[in-house]
Amino acid sequence: GDLAKSTGMSVEQSAKLTGYFQMGSDMSGEQAANLLKSADALAVANGVAPGAVLEDIAANTETFAKFGKDGGQGLMKAAIQAKKLGISLGTVANSADSLLDFQSSLNAEVEASVMLGRQVNLQKAREAALTGDLEALQSEILDVVGSEEEFNKMNVMQRKALAKAVGMEVTDLEKVVKNQGKAADLQ
């Protein structure tokens, strides 16, 4: 109840998330609550609604199971960065899964390179996905995508090819492009 009150989550959501962290990473209840409170403070410091970040994590426990490491700190930062980019942690996880389908990912990368008339290299993004570093993955995608000005100059087919290469829908990629300045200052 105390955690729910301090984070703005429902009691059910905070209990679910605390329990998941306890089971998933051998944390005590107090350690899990402290991790969630630190995520809350980090979200506030980065101008993101903490409740939204924690709810996003609670809704994506499969993502934590696949990509959670370092006691969940990296996943918390990735969730905050995703919110700053206007997408969810689930969208980031889907992108990672897409990049880890190596044959399809390499084909989409070549197609995007041809469509854009420039080299698209997602090797570092694939490495980040493979190691479960969703925060680095998002940074690599931002590097590949380019500026909002470049994105706005792309035609429909180019946008679709680039979105496919990074494993996102065009609407999510557009959100990422428009919000990339906000995510750059994540500390």
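User: Leaving aside its neighbours within four places in sequence, what is isoleucine 57 in contact with?
Analyst: Isoleucine 57 is in contact with Leu17, Phe21, Met76, Ala79 and Leu89, with neighbours within four places in sequence left aside. Contact means heavy atoms within 4.5 Å. This is a predicted model, in which local features need pLDDT of at least 70 and side-chain atom pairs count only at pLDDT 80 or more, while totals for chains, interfaces and linings use all residues. Residues are numbered from 1 along each chain as its sequence is written, and side-chain values use heavy atoms, with hydrogens and water left out.

User: Which helix does isoleucine 57 lie in?
Analyst: Isoleucine 57 lies in helix α4, residues 50–59. Helices are DSSP runs (H or I, at least four residues), numbered from the N terminus.

User: Does it count as buried or exposed?
Analyst: Isoleucine 57 counts as buried, because its relative accessibility is 2%. Buried means under 20% relative accessible area, exposed over 50%, and partly exposed in between, with a 1.4 Å probe and protein chains only.

User: And what separates the C-alpha atoms of isoleucine 57 and asparagine 121?
Analyst: Those C-alpha atoms are separated by 29 Å, and the two residues are 64 residues apart along the chain.

User: Turning to α7, how many of its residues are buried?
Analyst: Eight of the eleven residues of helix α7 (residues 89–99) are buried, so this helix is largely enclosed by the rest of the structure. The buried residues are Leu89, Gly90, Thr91, Val92, Ala93, Ser95, Ala96 and Leu99.

User: How do the axes of α7 and α10 cross?
Analyst: The axes of α7 and α10 cross at roughly 75° and come within 10 Å. α7 is therefore roughly perpendicular to α10. Axes are lines fitted to C-alpha atoms, for helices over the stretch in contact, and angles run from 0 to 180 degrees between N-to-C directions. Angles under 35 degrees count as roughly parallel, over 145 as roughly antiparallel, 65 to 115 as roughly perpendicular and the rest as oblique.

User: Which residues meet there?
Analyst: From α7, Leu89, Val92, Ser95, Ala96 and Leu99 meet Leu134, Leu137, Gln138 and Ile141 in α10. By class, this contact has seven nonpolar, two polar and no charged residues. Ala, Val, Leu, Ile, Met, Phe, Trp, Tyr, Cys and Pro count as nonpolar, Asp, Glu, Lys and Arg as charged, and the others, Gly among them, as polar.

User: At what angle does α9 pack with α10?
Analyst: Helix α9 (residues 123–131) and helix α10 (residues 134–145) pack at an angle of about 165°, with their axes 8 Å apart. The two helices are therefore roughly antiparallel to each other. Lys124, Ala125 and Ala128 in α9 meet Ala136, Leu137 and Glu140 in α10. This contact has four nonpolar, no polar and two charged residues.

User: What about α6 and α10?
Analyst: Helix α6 (residues 73–85) packs with α10 at an angle of about 35°, with their axes 7 Å apart. The contact is made by residues including Leu75, Lys77 and Gln81 of α6 and Glu135 and Ser139 of α10. By class, the contact has six nonpolar, three polar and two charged residues.

User: A last topic: what does the side chain of serine 113 reach?
Analyst: The side chain of serine 113 reaches the backbone nitrogen of valine 120 at 2.9 Å. Serine 113 is found in helix α8, residues 102–116, and counts as buried because its relative accessibility is 13%. Not counting residues up to four places away in sequence, serine 113 touches Arg118, Gln119 and Val120.

How values were computed. A polar contact is a pair of N or O atoms within 3.5 Å; within protein, one must be able to donate a hydrogen and the other to accept it, and residues adjacent in sequence count only if both atoms are side-chain atoms.
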